[in-house]
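Hello,

Here is the structure I promised to pass on to you. Have a look at it first, and then read my notes below.

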Number of protein chains: 2
Amino acid sequence: MDTMNEDFRIDILENLEEFLHNNDDEKIREFIENVHPADIAEVLVDLEDDDQNRLFTLLPWDMATDVLEDINSETFSRLVRALPIEQKIVVLDMMSSDDMVDKLGELSELRQQEIMAFLNDEDADDVKALLVYDEDTAGGIMTKDYISVFQDTTCYEAIEILREEAPEAETIYYVFVTDHIERLVGVISLRELIVSKPGQPIEEIMNPNVISVNVNDDQEEVARVVSKYDLLAIPVVDDENTLIGIITVDDVIDVIEEEATEDILKFVGSSELEDYDDEGLGTKIITSVRSRLPWLIITVFGGMLSATVISGFQDALSTNATLALFMPLLAGMGGNVGTQSSTLTVRNIATGNIETGDVMKTLIHEIFVGMLVGLACSLLVAAIVFFMQDGNYLMCLIVGVAMWANMVTAATIGTLVPLTFKRIGIDPAVASAPFITTTIDITGLSIYFTLATLMITTLGN
Amino acid sequence: MDTMNEDFRIDILENLEEFLHNNDDEKIREFIENVHPADIAEVLVDLEDDDQNRLFTLLPWDMATDVLEDINSETFSRLVRALPIEQKIVVLDMMSSDDMVDKLGELSELRQQEIMAFLNDEDADDVKALLVYDEDTAGGIMTKDYISVFQDTTCYEAIEILREEAPEAETIYYVFVTDHIERLVGVISLRELIVSKPGQPIEEIMNPNVISVNVNDDQEEVARVVSKYDLLAIPVVDDENTLIGIITVDDVIDVIEEEATEDILKFVGSSELEDYDDEGLGTKIITSVRSRLPWLIITVFGGMLSATVISGFQDALSTNATLALFMPLLAGMGGNVGTQSSTLTVRNIATGNIETGDVMKTLIHEIFVGMLVGLACSLLVAAIVFFMQDGNYLMCLIVGVAMWANMVTAATIGTLVPLTFKRIGIDPAVASAPFITTTIDITGLSIYFTLATLMITTLGN
């Protein structure tokens with residue numbers, strides 16, 4: 001089986017629909033045996049609700065568990081309800097605690113309790129402990145299903161523990177080592193374990209420099225650490241260094257993808273990725289409107305400020321209506337240069353490329369770039385204006401100089417605003433954009449009209 | 001050791017600088033024993049070149065290998081040259097083939113050969129084979145250091161092979177299974193291997209539905225598959241299904257981070273992330289100018305088109321100069337709505353949220369959202385204009401209606417352009433932005449002035 005492309009997906013879907021409508025349970029069981037649970041989860045949501053429930057009860061139990069881990073909370077809650085009690089208990093028991101918490105966290109308290117009632121005591125305790133943490137922190141994405149041993153365990157005993165706990169554990173490729181009051185003291189990989197002498201105590205061969213994260217660390221920090229040190233899993237500790245969970249690399253990948261999407265959406269002032277599939281059209285539209293409106297309202301006030309600035313130069317405009325022609329050009333260029341500078345600055349802050357002390361370096365870089373791209377564009381514009389306006393050298397001088405000044409200012413503002421926001425502790429990705437566009441529009445218009453008034457008075461007619 | 005923050009980094013750096021200047025090699029050796037290679041790599045680049053070389057020759061050989069894998073090509077080439085021959089051969093031999101190829105790929109042919117001369121025949125062959133592939137494909141990021149067994153191997157034999165090859169392999173957590181002409185027929189995890197009966201042939205317990213990628217697949221596709229199926233490594237095959245390499249999850253994380261950055265930068269028309277550290281200021285500025293100028297030039301022509309449109313309405317403008325006041329407001333709002341729609345559409349295309357057939361659904365959604373946010377903003381703007389213009393109901397009607405129409409059009413254009421580009425096979429992330437801004441500016445201005453002319457003629461004075 002290769003990767004799942006569109007044709008392959010439709011193929012699975014059509015087969016399943018046919019079997020379901022023929023009530024051919026045997027065929028379905030046979031067919032799904034060779035389909036990956038992640039693919040089942042993907043096509044499942046395209047079926048009618050009743051068909052989803054029927055298909056789900058036909059899945060082998062381990063596959064049902066994998067599918068539950070891969071779907072959204074609403075579907076999760078509905079499918080679990082559709083299961084017979086016996087099956088429900090087994091499938092929920094096999095689910096890993098972090099995935100369970102992800103689903104439950106998005107459900108109402110009533111729905112949560114409905115499901116928790118079917119968990120065994122140990123799992124229920126784990127889930128309750130995990131539900132406490134903010135979903136964007138290490139605690140919110142960690143799982144309780146890890147393997148740990150005491151430091152005086154021998155390698156042979158450790159491998160035995162591993163064999164026993166393997167079916168429940170999220171990863172068996174790292175064994176975490178603690179002292180007798182559960183404080184994290186080391187780590188050993190399965191790789192090291194299988195090449196070691198059976199009788200040797202773990203503490204002699206473990207790596208004591210174990211890299212861990214605090215339970216309250218932001219998930220973005222977790223991703224940074226896992227990515228930097230190329231880990232398959234990272235232990236999570238509390239303030240006393242007690243081992244309380246682990247985070248595996250597959251969850252870290254989800255975090256990185258989620259954060260990348262968030263970063264992109266922040267730039268356009270929309271707070272969440274809107275998925276067109278999940279809910280009814282009406283609900284989705286309201287969600288979209290809510291997430292996008294705030295920034296638009298800010299832009300309205302920015303635009304009104306621009307209008308006020310222009311009205312201050314209304315005399316210049318009425319005597320020289322040609323000035324209005326180049327307002328969109330100037331605004332567009334300023335906006336672009338500013339966005340380029342701010343995006344690169346924000347991204348360099350996010351990826352850690354800008355360290356303390358690099359602020360001046362960044363600013364100088366961006367200003368020089370602004371001066372050079374500004375020069376290239378201004379010369380081009382001046383030439384075009386010269387031809388468009390039949391050799392009106394004054395207009396071509398005004399537009400050219402204003403454009404250059406505007407672009408340099410825009411690059412400066414685009415760099416300074418995110419750097420300043422970062423310094424005073426505001427997320428530059430969220431706050432920069434509306435602030436920058438408005439400021440650049442206003443400074444750009446002021447520069448343009450001031451220059452125009454001055455030049456027309458001194459050089460004109 | 002917890003995660004490396006700024007203080008910790010400076011601490012390591014200052015210690016190392018002190019020891020290096022005191023020529024205290026013993027202290028250095030002792031100190032670096034407890035530092036992670038990834039941290040050494042990070043502080044190394046902040047040292048003077050001579051200090052870098054000295055420090056590097058003092059590293060234990062396995063640490064030197066890890067550091068080489070983590071640094072940029074230029075530093076790699078310089079550090080390798082600084083090593084004594086014997087050490088050079090060992091360290092290069094231990095490097096994994098994918099990292100070696102990443103470095104060599106960015107060096108001149110002369111430098112490549114300088115380093116290749118110290119590789120043993122097998123490694124040199126691997127590297128030569130890998131250098132052929134485009135760096136953005138599965139072939140470009142795969143490694144040759146994987147473990148595979150024939151399908152008739154027993155579990156006991158497989159574990160023995162694993163023990164033997166473990167030091168060289170990139171991952172030992174999956175063993176890939178081939179037939180006797182090296183075609184990929186299955187996979188078995190170390191987890192399954194250690195709980196199986198020693199005498200059992202692999203083919204009886206392996207998973208025959210092994211998920212693989214083709215050597216020519218795009219690295220983004222590789223990341224999508226690994227992320228979807230939560231894999232720790234994925235095998236790479238050629239068109240005959242022959243196993244030729246593997247890609248591990250840590251490299252996939254790098255791909256995801258790289259692609260996310262690229263996606264963000266594409267939105268602002270800058271083609272690469274500019275790192276302020278690597279080269280001299282002059283070179284960096286030229287690189288930045290080159291990558292940003294193309295989009296700015298396109299914007300110049302867009303702005304000129306706008307100027308042409310406005311000049312068509314110059315009569316309306318000279319009789320009613322107030323119209324100019326609200327041009328930045330209208331352009332700003334249209335631009336924002338258009339960018340929101342296009343960003344969400346582009347991101348939904350990239351993350352696979354928009355499947356075939358969802359095009360109509362997406363469009364309807366965005367148009368409705370545009371109508372609603374447009375309504376809210378238009379009413380607000382109309383009210384403000386009413387007060388600003390001392391109850392000029394005509395102006396407030398013109399601006400309000402034009403704004404609403406403009407925002408709905410902007411949402412439509414912002415959605416249609418990326419969808420269309422995708423349909424005809426152009427990367428929507430790159431091409432959409434300049435095209436959309438210009439189109440929205442021009443349609444917005446046309447709507448505004450046409451409406452104004454009509455309304456003033458029919459309703460005015």
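Let's start with one loop: in chain A, Glu182(A) sits between strand S2 (174-178) and strand S3 (184-189). Helices (H or I, at least four residues) and strands (E, at least two) are DSSP runs, numbered from the N terminus. Glu182(A) is not a glycine, yet its phi is positive, at about 70°. With a relative accessibility of 33%, Glu182(A) counts as partly exposed. On that scale, buried means under 20% relative accessible area, exposed means over 50%, and partly exposed lies in between (1.4 Å probe, protein chains only).

Chain B has its own Glu182(B), in the loop between strand S2 (174-178) and strand S3 (184-189) of that chain. Phi of Glu182(B) is also positive, near 70°, and Glu182(B) is partly exposed at 32%.

Before you go further, please keep in mind that this is a predicted model, in which local features need pLDDT of at least 70, side-chain atom pairs count only at pLDDT 80 or more, and totals for chains, interfaces and linings use all residues. Residues are numbered from 1 along each chain as its sequence is written, chains are lettered from A and ligands numbered from 1 in the order in which they are written, and side-chain values use heavy atoms, with hydrogens and water left out.

What rotation superposes chain A on chain B? A rotation of 180° with 0.1 Å of shift along its axis does so, with an RMSD of 0.3 Å. The two copies are thus related as by a two-fold rotation axis. The superposition is by least squares on the C-alpha atoms of residues with pLDDT of at least 70 in both copies. The copies meet through the same surface, because 100% of the interface residues of chain A are also interface residues in chain B.

Salt bridges

A salt bridge here is a side-chain nitrogen of Lys or Arg within 4 Å of a carboxyl oxygen of Asp or Glu. By this rule there are 20 salt bridges over all chains.

One of them links Glu42(B) and Lys228(A), with the closest N and O atoms 2.8 Å apart. Glu42(B) is in helix H3 (residues 37-44) of chain B and Lys228(A) is in helix H15 (residues 219-228) of chain A, so this pair joins two chains. Glu42(B) is partly exposed at 28%, whereas Lys228(A) is buried at 17%. There is also a network of salt bridges that links Asp39(A), Glu42(A) and Lys228(B).

Another salt bridge is formed by Glu366(A) and Arg292(B), whose closest N and O atoms are 2.8 Å apart. Glu366(A) belongs to helix H20 of chain A and Arg292(B) to helix H17 (residues 281-312) of chain B, so this pair joins two chains as well. Glu366(A) is buried, with a relative accessible area of 0%, and Arg292(B) is buried at 2%.

Within chain B, Arg78(B) pairs with Asp49(B), and the closest N and O atoms are 3.5 Å apart. Arg78(B) lies in helix H6 (residues 73-82) and Asp49(B) in helix H4 (residues 49-58), so the pair ties together parts that are 29 residues apart in sequence.

Buried and exposed places

Is Asp441(A) buried or exposed? Asp441(A) is buried and has no salt bridge; the nearest side chain of opposite charge, Arg292(B), is 17 Å away. For charge, Lys and Arg count as positive and Asp and Glu as negative, while His and the chain ends are not counted. You will find Asp441(A) in helix H22 (residues 428-459) of chain A. Leaving aside neighbours within four places in sequence, Asp441(A) is in contact (heavy atoms within 4.5 Å) with Ser306(A), Ala331(A) and Pro328(B).

Helix H8 (residues 97-105) of chain A has seven of its nine residues buried, so this helix is largely enclosed by the rest of the structure. Among the buried ones are Met100(A), Val101(A) and Lys103(A).

Finally, look at helix H6 of chain B again, where you will find Glu74(B). Glu74(B) is exposed, with a relative accessible area of 51%. Not counting residues up to four places away in sequence, Glu74(B) touches Leu107(B) and Arg111(B).

Enjoy exploring!
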